[in-house]
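Please read the following briefing alongside the sequence and the coordinates. It is grouped by topic for a computational reader.

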Amino acid sequence: MIPEEKPIWNPYVAGFALGALLLVSFFLTGKGVGASGAVNRVTAIALHAAAPTWAEENGSMRNYFASPGGPLSGWLVFEMAGVILGAAVAVYTRRSFRVETVRGPGVDPRSRLVLAALGGIVAGFAAQVGRGCTSGQVLTGGAQLAAGSWVYMWAMFGTAYLLAYPMRGQWLGSAPAHEEVSR
Amino acid sequence: MKGPLLTTLELSNATDLLLAIPIGFAFGFILERAGFGRADRLVDIFYGRDFRVMRVMFTAVVTAMLGLYGLDAAGVMPLGDIAVLSTYLWPQLVAGVLLGAGFIIGGYCPGTSFVAVASGKLDALLFIGGLFAGSASFSIVYPDLENWLESGFLDRMLLHEAFGVPVGAAVLGVTAFALGCFAIVGRVERWVRSRSALGGGPEELPPPVSLRLATASLALLAFAHLAATHATGHVTTAKLSEAPAVTASASTTASKSSTAPSTAPTPKPARKRLTGGCGG
C-alpha cells in the first residue's frame with residue numbers, strides 16, 4: 001500500500017522561505033543560488049574524458065581546468081549536491097516518492113519523455129548562453145534587481161506563454177494537482 | 001556585523017564550499033515543499049489554472065530584494081560587495097526566450113528537474129539528460145559564439161539605474177507589481193476553472209497573518225532605511241569601487257584563490273572578489 005502523501009506548503013510561505021534563504025546565502029557567502037553552472041562543470045568532466053586537450057583549450061571550460069580543484073571544486077557543484085540531498089529528505093518526509101512519468105492524458109508516455117529530453121537540451125543550452133537559469137538569473141538576479149536578469153525573466157515567461165497554446169496537447173486536459181495544501 | 005561574512009571574516013575557500021552544502025540543502029527542501037517537483041504543476045501557470053509558481057517566485061524575489069536593499073541602505077552589506085549579476089543584454093534576451101521554450105516543452109527548468117528526479121519522476125530524468133547534452137553542445141559551439149556572448153554588456157546595472165529613477169522607486173515599484181499580481185491571479189484562476197470542464201484544482205490560499213506581519217515589517221524597515229539614505233544623497237550602486245580585479249575570471253574558485261601578480265599593483269590589499277557564482 002502506498003502511504004498517503006503529505007500536503008505541500010502554502011505558496012506564500014514557500015516563497016518567503018525561499019527569499020529568506022537567498023538572503024542568508026548572500027549574507028554568508030555573498031552569492032545567491034544557482035543550478036545550471038553545476039551541470040556545465042559536470043559536463044566538462046565528460047567532455048574532458050573524451051577530448052582532454054580540446055576541453056582544456058575550450059573557452060567555456062578553460063577556467064574549470066585551470067583551477068586547482070578542477071571542475072568539481074565549484075561552489076555550485078557543492079550547492080547542487082546539497083539541493084539533491086535536501087530534495088531527497090523533503091520527498092522522504094512528505095512521502096511523495098512515486099516512480100512515474102508526469103504527463104497530460106492526451107499524450108503517451110513515450111512522446112512525453114521525448115519532449116522532456118528535447119526541452120532539457122534547449123534549456124541546457126539556454127542556461128549557458130544566459131549565464132544562468134531560473135535559479136541563478138530569475139530568482140537570484142531578480143532579487144538583486146539586476147537589469148539583465150529582469151530582461152531574462154520577461155523573455156522567459158513571455159515565450160512560455162506564447163508557446164503554451166501550440167504545446168497544449170501535452171499539458172491540457174490533465175487533472176490539476178489535487179493534493180491538499182496546508183494553510 | 002557587516003556582510004557578506006565570507007569577506008568580512010575572511011573565511012577560506014574551503015569554508016565557502018562547505019557553506020554551499022547546507023544552503024543547497026535548504027534550497028532543494030524548500031523547492032520540493034513548494035510543490036516544484038512536478039511538471040504538470042509547474043506549467044499550470046501558463047494555462048491560467050494555478051499561479052502557484054508566480055506566488056512562490058514573486059514572494060521570494062520581493063522578500064530577498066527588501067532584505068538586500070534594506071541591508072545596502074543600512075550600510076550593513078553594500079550591493080557592491082556581493083555577486084551582483086552583470087547584464088549582457090542580447091545573450092540574456094535570447095537565453096530567456098530559449099529557456100522559456102525549454103520550460104514549456106520539457107516541463108521543468110534546470111533546478112526543478114533535480115528536485116523532481118528525487119521524487120522518482122522519469123520525465124525529469126530525461127530532462128536532466130537533455131540538460132547535459134545542451135550544455136555540451138554549448139561548449140562545442142562556444143568558439144563561434146564567444147564574441148556575441150559579450151554583446152550588450154552593461155556591467156552590473158540595476159533596475160533603478162536602467163530607468164533613471166531613485167532606488168526606492170524601483171524597490172517600491174517591484175513590490176507593488178507583485179502585490180498587484182497576487183490580487184489579480186486568483187480571479188484569473190476562478191475564471192479559467194469555471195470555463196474548464198474539469199474544474200477542480202487547488203483552492204486559492206491567502207498568505208497567513210503571521211507572514212503578512214513579517215513581510216510588512218521587513219518592508220517597513222527597508223523603506224525607512226531607503227528614505228533615510230535618499231535624504232542624505234546616498235547612491236546605491238552595484239559597481240565595484242575598488243581597483244580593477246586582479247583576475248577577471250568567470251570562475252569563483254579561480255578568482256578567489258588568486259595571488260596578486262607583481263605587474264598589477266593595487267592601492268590597498270586586494271579584497272576577495274565575489275564574481276557571479278550563479279549559473280553558467
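Contact here means heavy atoms within 4.5 Å, and by that criterion the contact takes 141 residues from chain B and 134 residues from chain A. This is a predicted model, in which local features need pLDDT of at least 70 and side-chain atom pairs count only at pLDDT 80 or more, while totals for chains, interfaces and linings use all residues. Residues are numbered from 1 along each chain as its sequence is written, chains are lettered from A and ligands numbered from 1 in the order in which they are written, and side-chain values use heavy atoms, with hydrogens and water left out.

**Chain A**

- Helices (H or I, at least four residues) and strands (E, at least two) are DSSP runs, numbered from the N terminus; chain A has 9 helices and 0 strands.
- The C-alpha atoms of chain A fill a box of roughly 50 × 40 × 40 Å when it is taken along the principal axes.

**Interface between the chains**

- With buried area defined as the accessible area (1.4 Å probe) that two parts lose on being put together, summed over both, chain B and chain A bury about 12300 Å² between them, 73% of it on carbon and sulfur atoms.
- Phe27(B), Arg33(B) and Ile105(B) supply 6% of the area that chain B buries against chain A, which is more than any other three residues.
- Helix H1 (residues 11-29) of chain A packs against helix H2 (residues 13-33) of chain B at an angle of about 175 degrees, with the axes 10 Å apart; axes are lines fitted to C-alpha atoms, for helices over the stretch in contact, and angles run from 0 to 180 degrees between N-to-C directions.
- H1(A) and H2(B) are therefore roughly antiparallel to each other, a label that applies to angles over 145 degrees.
- Residues making this contact include Leu18(A), Leu21(A) and Leu28(A) of H1(A), together with Phe27(B), Ile30(B) and Leu31(B) of H2(B).
- By class, the contact of H1(A) with H2(B) has 11 nonpolar, 2 polar and 1 charged residues, where Ala, Val, Leu, Ile, Met, Phe, Trp, Tyr, Cys and Pro count as nonpolar, Asp, Glu, Lys and Arg as charged, and the others, Gly among them, as polar.

**Cavities and pockets**

- On a 1 Å grid over the protein atoms alone, a cavity is a set of points where a 1.4 Å probe fits but cannot get out, and a pocket is an open set with protein on both sides within 12 Å along at least five of seven lines; lining residues have an atom within 4 Å of a point.
- Grid points are joined across faces, edges and corners, and a volume is the space filled by probe spheres set on the points.
- The structure holds 7 cavities of 30 Å³ or more, and about 150 Å³ of space lies in the largest cavity.
- Of the 16 residues that line the largest cavity, those closest to its centre are Thr134(A), Phe36(B), Met57(B), Cys109(B) and Thr112(B).
- H7(A) gives the most to the lining of the largest cavity, with 3 residues, and that lining has 12 nonpolar, 4 polar and no charged residues.
- The second largest pocket has a volume of about 370 Å³, and the largest share of its lining, 5 residues, comes from H10(B).

**Backbone details**

- A cis peptide bond, with omega about -10 degrees, joins Gly3(B) and Pro4(B).
- Arg95(A), a residue other than glycine, has a positive phi near 55 degrees, and Arg95(A) lies in the loop between helix H5 (75-94) and helix H6 (109-129) of chain A.

Key. Angles under 35 degrees count as roughly parallel, over 145 as roughly antiparallel, 65 to 115 as roughly perpendicular and the rest as oblique.
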